[in-house]
Number of protein chains: 2
Amino acid sequence: MEHNTLDIEPIGSTTKVDQVEKRLREYFKKKAYNVGDVLPKEQELTIALNVSRNVVREALSRLRVLGLIKTKKKTGMILAQPDIWVGLEHIMDPKILNHQTLKDLFELRLVIEIGLADLIFFKKTEKDIAELEEIVAKDTDEQLSFKLKYEVEFHGKLYSMTGNDTIIRFQRMLLPIFEYVVDLEKKAYNSRRVSNIMHRELLEILKNGTPEQFRNAMREHLKYHFDKIENHYESMT
Amino acid sequence: MEHNTLDIEPIGSTTKVDQVEKRLREYFKKKAYNVGDVLPKEQELTIALNVSRNVVREALSRLRVLGLIKTKKKTGMILAQPDIWVGLEHIMDPKILNHQTLKDLFELRLVIEIGLADLIFFKKTEKDIAELEEIVAKDTDEQLSFKLKYEVEFHGKLYSMTGNDTIIRFQRMLLPIFEYVVDLEKKAYNSRRVSNIMHRELLEILKNGTPEQFRNAMREHLKYHFDKIENHYESMT
């Protein structure tokens, strides 16, 4: 057997890929690698860990899909800055997720939209308000397909005003889920959502109101969806 | 290097795994496999896709770590119900994520806690209230370490009252991140967080108040953290 030149403990028993994946993560941490640092080669790791090359390859593949490592031409394998949503983006598909998860995610969206008020008020600029004005001004068409387009634009703009990339990307990733759930609701209830609070009012509060008023107005704006959740819970008790 | 005169992106040699991964996902969808259905074997896929076995293995490994497939003893490879957080759990580590992502996630937590009010009010039971009473009653100790323990217990209970597993697991997964950010804040400001609104008041509102009151009280309870965000934004402008 070739000598272990790396300061890493070899593997003993089964579920080898899991073990190797875990050990590699620990090793990278112990060695305090920084983002961009070149990592040991697959072959070196295979020898040091005393497992088959396929096991190492599969473990590395997992780390790659999780965004922890990436391969750069000529440089080889480096430690990457993990992208927390990249794995999730692969499975954010209404056809793949089960009904309960879709409902849970839809609720999470409502929760976030109510809670965003303070971040939006902290960061809002004249330019943001002008863009929202534009969206609201366009929203005079009675056609439902346009209504939905402006709905997505208006709410998307609110998210982007937070300046929080993690929240912004999460919302974008969830968009197909929202559309799917809204479609289901329409089919099930055959009714068109009418809100007492329109985007125009939300915008006025953004300009002259407080986060508290904005939260309450947003709650009213989303009332249709909250009512559905409430009715669902009540029907279960 | 030859010049690319067409406005078309060349195919990289390393993208085979990506292609196979994508094609497999499309194939499983087209075939309308259900959760639990047995999938074609690795060897069959290798032949059908006309690529090397290692490429197929790596693509399957990715799907496995994303929770889309799993291998059952004797049965072989089956379609799994994907677990949307499983990939994220692997990287939810303050040592791995960069500072900005940690801050973003901490803000997301604040946003969610403000927005949870309605779900909590829809679902609250006598038993939930009694459990919160117990947590609040224990919270008389002046020691900071206990304070933090009850803080986590109280807020964790609020999340679990929503009955939304996706939200509950997300919060649990984020706990190490919160602890890390709170630790950083303590070091940076050398001050102890004092809130005007304590858990006792939040509980009273849960018993006799409204979601709106609860949101405002929670905003006040988390004021310390929101102030920090606000000050940070102001210092940038």
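**View 1. A:Arg62 is a buried residue, with a relative accessible area of 9%.** Buried means under 20% relative accessible area, exposed over 50%, and partly exposed in between (1.4 Å probe, protein chains only). The model is predicted: local features need pLDDT of at least 70, side-chain atom pairs count only at pLDDT 80 or more, and totals for chains, interfaces and linings use all residues. Residues are numbered from 1 along each chain as its sequence is written, chains are lettered from A and ligands numbered from 1 in the order in which they are written, and side-chain values use heavy atoms, with hydrogens and water left out.

A:Arg62 forms a salt bridge with A:Asp18, with 2.8 Å between the closest N and O atoms. A salt bridge is a side-chain nitrogen of Lys or Arg within 4 Å of a carboxyl oxygen of Asp or Glu. The pair links distant parts of the chain: A:Arg62 is in helix H3 (residues 53-65) of chain A and A:Asp18 is in helix H1 (residues 16-30) of chain A, 44 residues apart. Helices (H or I, at least four residues) and strands (E, at least two) are DSSP runs, numbered from the N terminus. A:Asp18 is partly exposed, at 42% relative accessibility. A network of salt bridges links A:Asp18, A:Glu21, A:Arg25 and A:Arg62.

**View 2. B:Glu21 sits in helix H1 of chain B.** B:Glu21 is buried, at 2% relative accessibility. Its side chain makes a polar contact with the side chain of B:Arg62 (3.0 Å). A polar contact is a pair of N or O atoms within 3.5 Å; within protein, one must be able to donate a hydrogen and the other to accept it, and residues adjacent in sequence count only if both atoms are side-chain atoms. Leaving aside neighbours within four places in sequence, B:Glu21 is in contact (heavy atoms within 4.5 Å) with residues including A:His90, B:Ala59 and B:Leu63.

**View 3. Two salt bridges in chain B join B:Arg53 to B:Glu42 and B:Glu131 to B:Lys157.** Side chains of opposite charge can pair when their charged atoms come close. For B:Arg53 and B:Glu42, the N to O distance is 2.9 Å. B:Arg53 is partly exposed, with a relative accessible area of 39%. For B:Glu131 and B:Lys157, the N to O distance is 3.2 Å. B:Glu131 lies in helix H7 (residues 126-138) of chain B and B:Lys157 in helix H8 (residues 144-161) of chain B, so this pair ties together parts 26 residues apart in sequence. B:Glu131 is partly exposed, at 29% relative accessibility. B:Lys157 is buried, at 10%.

View 4. A:Arg219 and B:Asp118 meet in a salt bridge through their side chains (2.7 Å, N to O).

**View 5. Helix H10 (residues 199-208) of chain B has buried residues B:His199, B:Leu202, B:Leu203, B:Ile205 and B:Leu206.** Seen down the axis of H10(B), these buried residues fall within an arc of 160°, so they line one face of the helix. The arc is that of the directions from the helix axis to the C-beta atoms.
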